[in-house]
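Visitor: Could you take me through a single part of this model, slowly and closely? I am new to reading structures.

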Amino acid sequence: MKFWRVTLPNLCISLWLALLTLVILDQFNPMLGFLKGKAFLVLVGLCAFSSLSCAILLYHDSRKRARRRLRKAAEARRAHAVDEDR
């Protein structure tokens with residue numbers, strides 16, 4: 001899981017930078033037709049998939065950390081209550 005946590009955001013950023021480069025190049029020379037065809041659609045699909053995967057992975061990690069924090073806080077409260085009873 002750590003591999004994907006590290007690799008997926010980097011993959012997402014690099015795909016979006018490649019897409020941005022194609023859009024800028026197409027703005028300067030529309031005759032090249034970078035925004036037409038199957039290659040552009042594949043790049044957009046990969047960008048969307050990697051972004052969605054990255055968002056899901058990061059959301060899952062943040063929820064896991066939040067649950068862990070709540071569990072630790074509850075344990076600390078229980079330990080504090082036990083110490084006060086003594």
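Visitor: In which helix does leucine 11 lie?

Guide: Leucine 11 lies in helix H1, where helices are DSSP runs of H or I with at least four residues, numbered from the N terminus. Before we go on, a word on the source: this is a predicted model, in which local features need pLDDT of at least 70 and side-chain atom pairs count only at pLDDT 80 or more, while totals for chains, interfaces and linings use all residues. Residues are numbered from 1 along each chain as its sequence is written, and side-chain values use heavy atoms, leaving out hydrogens and water.

With a relative accessible area of 38%, leucine 11 is partly exposed, because that class lies between buried (under 20%) and exposed (over 50%), using a 1.4 Å probe and protein chains only. Leucine 20 lies in helix H1 too, and at 46% relative accessibility leucine 20 is also partly exposed.

Now look across from leucine 11 to leucine 46: they are 35 residues apart in sequence, and their C-alpha atoms are 9.7 Å apart in space. Leucine 46 is also one of the residues that leucine 15 touches, along with Leu43, Cys47 and Ser50, leaving aside residues up to four places away in sequence. Touching here is contact, meaning heavy atoms within 4.5 Å.

Conventions. Helix = DSSP H or I, 4+ residues; strand = E, 2+ residues; numbered from the N terminus.
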